[in-house]
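Here is a short note to read alongside the model. Please keep the structure open while going through the points.

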Amino acid sequence: MYNYLDFEKPVQDLEGKILELKKLSESGEAVDVGEEIARLEKRSAEALRDVYRQLTPWQKVQVARHPDRPHCLDYVKGLFTDFTPLAGDRKFGEDAAIVGGFARFRGEPVAVIGQEKGSDTKSRLKHNFGSVRPEGYRKAVRIMELADRFGIPMITLVDTAGAYPGVGAEERGQAEAIARSTSACLSLRSPSLAVVIGEGGSGGAIAIATANRVYMLEHAIYSVISPEGAASILWRDTTRSKEAATNMKITAQDLLDLKIIDGIVPEPMGGAHRAPEAVIGATGDLIARTLGEFAQSNADFREHRREKYLAMGRSL
């Protein structure tokens, strides 16, 4: 059984009935219910399709935050081989919210950086729910500098509600660390691509997402602030988060129209959490195509990044 979201109630009811019938059938307590199960499965698939065809921005926020959605380490395990993680920033300590190192992607060397939220209580505490501290961004800068030195392509996997806002993080220079990480992204001479796999929140996401190509999963979100934060600032009322989500244009479809991102990775019907292997495979295929284009290009990747980000907003 899945962790159902509020708007998935029609699907939950149907799939619950299907599960009950299957249990009765397996226990031998019911006559042949194969036809009834098939009928309910058809209705369930139709209900799921109807729900996901017309998701509102706020519902997409909920899907992007789904606890069963595949996270950074799932992508690392599914897409890369010989992954060698690096730890620590050589200034203060290690931050497990950032996972980074070097690996091979379909035989080719790459640098990988991603934000890991964790998948259960223990891992979420270990990774600080994907909220990165200054030492995490400084570790990311270490990896970027090594990738730049050896001309290795950079792949980043973005999934954070935002950088960690605690007092300790501010004391250790959170804003400066985010700025230096963003600058390191922009300064890379090697090609870079970023994929927003869940939430892309605020400067915490931009710090590793200022790449030559930026992609988003179909139901991911990317924003300067969370809808709850925007509602709190604009209206002093977090109950207006749904309104904020709509007005902020945070969905992949909106951002593609605004030319903030370069493409969308389709998700299976019902979201990435229903078929993690499929969406990880689709993401890998897109990364492979992009790296192939980079390899055939004679572009100055640093200059390309400069032109890309300076051009944003000019036509609006």
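1. Two strands pair if DSSP finds at least two bridges between them. Helices (H or I, at least four residues) and strands (E, at least two) are DSSP runs, numbered from the N terminus. Strand 1 (residues 81-85) and strand 2 pair in the antiparallel sense, over 3 bridges.

2. A word on the source. This is a predicted model, in which local features need pLDDT of at least 70 and side-chain atom pairs count only at pLDDT 80 or more, while totals for chains, interfaces and linings use all residues. Residues are numbered from 1 along each chain as its sequence is written, and side-chain values use heavy atoms, with hydrogens and water left out.

3. Next, the hairpin. Strand 2 and strand 3 (residues 108-115) are antiparallel and share 8 bridges. They form a hairpin with 2 residues between them. Arg106 sits in the turn, with a positive phi of about 50°. Phe105 has Glu108 of strand 3 as its bridge partner. Arg104 is bridged to Pro109 of strand 3.

4. Strand 3 also has a parallel partner. Strand 4 (residues 154-160) pairs with strand 3 in the parallel sense over 4 bridges. Ala111 is bridged to Met154 in strand 4.

5. How covered are these strands? Buried means under 20% relative accessible area, exposed over 50%, and partly exposed in between (1.4 Å probe, protein chains only). In strand 2 (residues 98-105), 7 of the 8 residues are buried.

6. Helix 3 (residues 57-64) is mostly covered: 8 of its 8 residues are buried. Among them are Trp58, Lys60 and Val63. The cover includes helix 2 (34-53), strand 5 (192-201) and helix 10 (227-235).

7. Now look at Thr283, in helix 13 (residues 276-296). Thr283 counts as buried because its relative accessibility is 1%. Contact means heavy atoms within 4.5 Å. Leaving aside neighbours within four places in sequence, Thr283 is in contact with Tyr75, Val195, Leu217 and Val265. Tyr215 is 68 residues from Thr283 in sequence, yet their C-alpha atoms are 9.3 Å apart.

8. Which way does helix 4 cross helix 13, left-handed or right-handed? A crossing is left-handed if the near helix is turned anticlockwise from the far one by less than a right angle, and right-handed if clockwise. Here the crossing is right-handed. Helix 4 (residues 72-79) packs on helix 13 at an angle of about 65°, with the axes 10 Å apart. The two helices are therefore roughly perpendicular. Angles under 35 degrees count as roughly parallel, over 145 as roughly antiparallel, 65 to 115 as roughly perpendicular and the rest as oblique. Axes are lines fitted to C-alpha atoms, for helices over the stretch in contact, and angles run from 0 to 180 degrees between N-to-C directions.

9. Residues from both helices make that contact. Helix 4 brings Asp74, Tyr75, Gly78 and Leu79. Helix 13 brings Val279, Ile280, Thr283, Gly284 and Ile287.

10. Helix 8 (residues 174-187) and helix 14 (residues 301-311) pack at about 120°, with axes 8 Å apart. They are therefore oblique to each other. Cys185, Leu186 and Ser187 of helix 8 meet Arg302, Arg305 and Tyr309 of helix 14.
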